[in-house]
Amino acid sequence: MDDYRVVADELAADIEAGRLRPGDRLPPQRRFARDRGIAGSTAARVYGELVRRGLAIGEVGRGTFVRAAKPGPEPALSEPGDARVDLELNFAVLPTQSAKLAQALEPVLRADVFTDALHPLGAAGTKAVREAAVAMLARGSWTPDPESVLVAGNGRQGIAAALAAFVPTGERLAVESLTYPVVKAAATRLGIELVPIETDAYGLVPAALAASAPVRALYVQPTLHNPLGTTMPPQRRAELAETVRGLDLPVIEDGIYTFLHPDTEPLAALMPERTVFVDSLSKRVAPGLTAGFLVVPPPWVARLASAIRSGGWSASRFSVEAARRWITGGVLAEVEAAKRADAAARARIVAERLAGFQVYGDASAYHRWWVLPDQWRAETFVAAAARRGIALSPAAAFSVVPGHAPNAVRIAVSAPAEKTLASALEVLAGLASGSPDDMLVDS
């Protein structure tokens, strides 16, 4: 049959009618082609069309499965939904932080200071802001030059500006095979092709990066990777730096979670001449009042500043002034320390409630990577959790290659109260220990 869409429509009808249920495995493509009397290439196009429509998902080494439901917006790009317990979005706002932050802002609300804060701000910020940013970002022996610091509206905008500056439309960007969903979206808008690079327990594999050439730049999360929660050890960082130098690549380093791992120096410390380090206040403080900071090699400062201006990614002077006062007054350091203690407490809850399961990630992280038991598909598990009022992120939200996601979910543990988190994890543990058929019995 030449029109693969007709066959795809038939399978779609079976899914909609319930003849094919969430989590059902479709036949191997060769058998499907033989049973239908169609070419193997046509069968591949049928399965690809089902994946494109959001009706099926392919899992490497396992096959193609019926999805639990048509996917909505990628979790990291969506607003919080109606779920009672949010383990999907990862923003920690501690009960004690608002009073401290507000008190530090009282001088900004004086009429003369506030008026100045309403004026526009260039990508270079001000000398005082750059010096404050250096105090916030410095790690170990790495202390950026204040003249290398630029500001953007937030970390996402800083990353987008770096992508626009180094990767022309139609060109290729190397990323970890599981990556931050916002980078996937930004690349699509900028017309950039993402090239997934293999990772292992230590992070991105340098040899796989070398084999992926030619690419125009590398985006990488070496510290508390999202979604895997891993931190690249020193030896792997050194190997990666050597490989990157050999390929003569610019590196965009996402340092958004480094405040939770303060003893780890960034990749920028190993290769400052080719690394754009991006951080922000969204995780350190809160997403509602944030600013992005970029540490840029001197020869590239003008290029990045131009990208920030042309993309409309400039920072709000008020947000940047707020950040400066939080940093210089010591309030930000207090909030960071409190969040590190909070993350450690939540790590203990995860370890207790999900003992015996394949849960991975640094204990400093606010998220964990859960490889599910064999009887579960990630999409089906997310749907079952949602029926119990718990929102999770499936691996597909982070996978660079559509339809080829691991059988895993990311658990973001920062949002709920600790007792609520413990209860939700107990529910998930019970769910994972059972069968997807139990979900149908409950319905």
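**Salt bridges across the chain**

Glu193 is partly exposed, with a relative accessible area of 41%. The model is a predicted one. In it, the side chain of Glu193 forms a salt bridge with that of Arg172, at 3.9 Å from N to O.

**Salt-bridge pairs**

- Arg172 belongs to strand E5 (residues 172-176) and Glu193 to strand E6 (residues 193-197), so this pair, 21 residues apart, links distant parts of the chain.
- Arg172 is partly exposed, at 24% relative accessibility.
- A salt bridge of 2.8 Å, N to O, joins the side chains of Arg353 and Glu426.
- Because Arg353 is in helix H13 and Glu426 is in helix H15, this bridge ties together parts that lie 73 residues apart in sequence.
- Arg353 has a relative accessible area of 27% and is partly exposed; Glu426, at 44%, is also partly exposed.
- Glu147 and Arg130 form a salt bridge through their side chains, at 3.5 Å from N to O.
- Glu147 sits in the loop between helix H6 (127-137) and strand E4 (149-152), while Arg130 is in helix H6, and the two are 17 residues apart.
- Glu147 counts as exposed, because its relative accessibility is 51% and the exposed class is over 50%.
- Arg130 counts as buried, because its relative accessibility is 12% and the buried class is under 20%.

**A salt-bridge network**

- Asp9, Glu49, Arg52 and Arg53 are connected by a network of salt bridges.

**Nonpolar cores**

- The largest nonpolar core contains 36 residues, and those with the most contacts inside it are Leu87, Trp370, Phe381, Leu392, Leu425 and Leu428.
- At least two residues of this core come from each of helix H13 (331-353), helix H14 (378-387), strand E17 (408-412) and helix H15 (418-433).
- Helix H15 gives the most to this core, with eight residues.
- This core lies between domain 2 (85-90 + 333-439) and domain 3 (97-329), because both give residues to it.
- Beyond its neighbours within four places in sequence, Leu87 has contacts that include Ile390, Leu392, Ile411, Pro416, Leu421, Leu425 and Leu428.

**A buried glutamate**

- Glu59 is part of strand E1 (residues 56-59).
- Glu59 is buried, because its relative accessible area is 5% and the buried class is under 20%.
- Residues up to four places away in sequence aside, Glu59 touches Phe65, Arg377, Ala378, Gly403, Ala405 and Asn407.
- Between Glu59 and Trp313 there are 37 Å in space, C-alpha to C-alpha, and the two are 254 residues apart in sequence.

**A nonpolar surface patch**

- Leu109, Phe114 and Leu118 make a nonpolar surface patch of about 300 Å².
- Leu109 is placed in the loop between helix H4 (97-105) and helix H5 (111-117).
- Leu109 is exposed, because its relative accessible area is 56% and the exposed class is over 50%.

Notes:
Residues numbered from 1 in each chain as written. Predicted model: local features only at pLDDT ≥ 70, side-chain atom pairs only at ≥ 80, totals over all residues. Heavy atoms only, no water. Patch = residues over 30% accessible without salt bridge, like charges linked within 9 Å, V, L, I, M, F, W, Y side chains within 5 Å. Areas by Shrake-Rupley, 256 points an atom, 1.4 Å probe, with all protein chains shown as cover. Salt bridge = Lys/Arg side-chain N within 4 Å of Asp/Glu carboxyl O. Helix = DSSP H or I, 4+ residues; strand = E, 2+ residues; numbered from the N terminus. Buried < 20%, exposed > 50% of the residue type's maximum accessible area, 1.4 Å probe, protein only. Core = buried A, V, L, I, M, F, W, Y, C linked by side-chain atoms within 4.5 Å. Domains from an automatic or database assignment. Contact = heavy atoms within 4.5 Å.
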